[in-house]
Amino acid sequence: MKGYRDLDIYQLAFQLAVEIYILSMKLPNPDKFETGGQIRRSSQTTKDTIVEGYGRKRYKADFIKYLVYSHSSCLESISQAEFLATIHPQTGWEQVAEKLDGLSIKIFNFTNYVETNWKV
């Protein structure tokens, strides 16, 4: 592995953050700035904490801690996407929630891998 960009979880988190940004900017006011702003921040935090954790990979406990933060932000994004899917049906948010759920599982599984197999 050459860097964080090689991590599948990072690539998926990055793609979803871009998709969420574009979709959220199409929301009507005030949702664009309230819930839209929250989901933009949490989805970007999901990818950014993967990067920050990877930067600390030499310290296994720190890497795990940041992966847990990333997972938490991903769960927050799922909740917001489900909310948006409910109040704005048939706008793509249900699919975003499903993709985020898949990412959440991958982050969780990667965290377990790091806990049991990561060699410093």
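Gln90 lies in the loop between helix 3 (60–87) and helix 4; helices here are DSSP runs of H or I with at least four residues, numbered from the N terminus. Although Gln90 is not a glycine, it has a positive phi of about 60°. Gln90 counts as exposed because its relative accessible area is 84%, where exposed means over 50%, buried under 20% and partly exposed in between (1.4 Å probe, protein chains only). The model is predicted, so local features need pLDDT of at least 70 and side-chain atom pairs count only at pLDDT 80 or more, while totals for chains, interfaces and linings use all residues. Residues are numbered from 1 along each chain as its sequence is written, and side-chain values use heavy atoms, with hydrogens and water left out.

Another loop, between helix 1 (8–24) and helix 2 (35–55), contains Pro30. The peptide bond leading from Asn29 to Pro30 is cis, with omega near -5°.

The next topic is charge on the surface. Glu82, Glu94, Glu98 and Asp101 gather there in a patch of negative charge. Patches consist of residues with over 30% relative accessible area and no salt bridge, like charges being joined within 9 Å and nonpolar side chains (Val, Leu, Ile, Met, Phe, Trp, Tyr) within 5 Å. Asp and Glu count as negative and Lys and Arg as positive, whereas His and the chain ends are not counted. Each charge is placed at NZ of Lys, CZ of Arg, CG of Asp or CD of Glu. Helix 4 (residues 93–117) supplies the largest share of the negative patch, three residues. Glu94 is found in helix 4 and is exposed because its relative accessibility is 52%. Glu82, by contrast, is placed in helix 3 and is partly exposed, with a relative accessible area of 46%.

A nonpolar patch is also found on the surface, formed by Phe14, Val18, Tyr21, Ile22 and Met25, with about 430 Å² of accessible area together. Such areas come from the Shrake-Rupley method with a 1.4 Å probe, and for residues only the protein chains shown count as cover. Tyr21 belongs to helix 1.

Side chains of opposite charge can pair when their charged atoms come close. Four salt bridges are found in the whole structure, each being a side-chain nitrogen of Lys or Arg within 4 Å of a carboxyl oxygen of Asp or Glu. One of them joins Lys99 and Glu19 (3.0 Å, N to O). This pair links distant parts of the chain, with Lys99 in helix 4 and Glu19 in helix 1, 80 residues apart. Asp62 and Lys65 also meet in a salt bridge (3.9 Å, N to O), but both lie in helix 3, three residues apart, about one turn of the helix.

A pair of aromatic rings is described by the distance of the centres and the angle of the planes. Rings of Phe, Tyr and Trp (its six-membered ring) pair if their centres lie within 6.5 Å; planes under 30 degrees apart count as stacked, over 60 as edge-to-face and the rest as tilted. The whole structure holds eight aromatic pairs. In one of them, the ring centres of Tyr10 and Phe14 are 6.0 Å apart and the planes stand at 45°, so the pair is tilted. Tyr10 is buried, with a relative accessible area of 11%, whereas Phe14 is partly exposed at 39%. The rings of Phe110 and Trp118 have centres 6.5 Å apart and planes at 80°, so this pair is edge-to-face.

How values were computed. Helix = DSSP H or I, 4+ residues; strand = E, 2+ residues; numbered from the N terminus.
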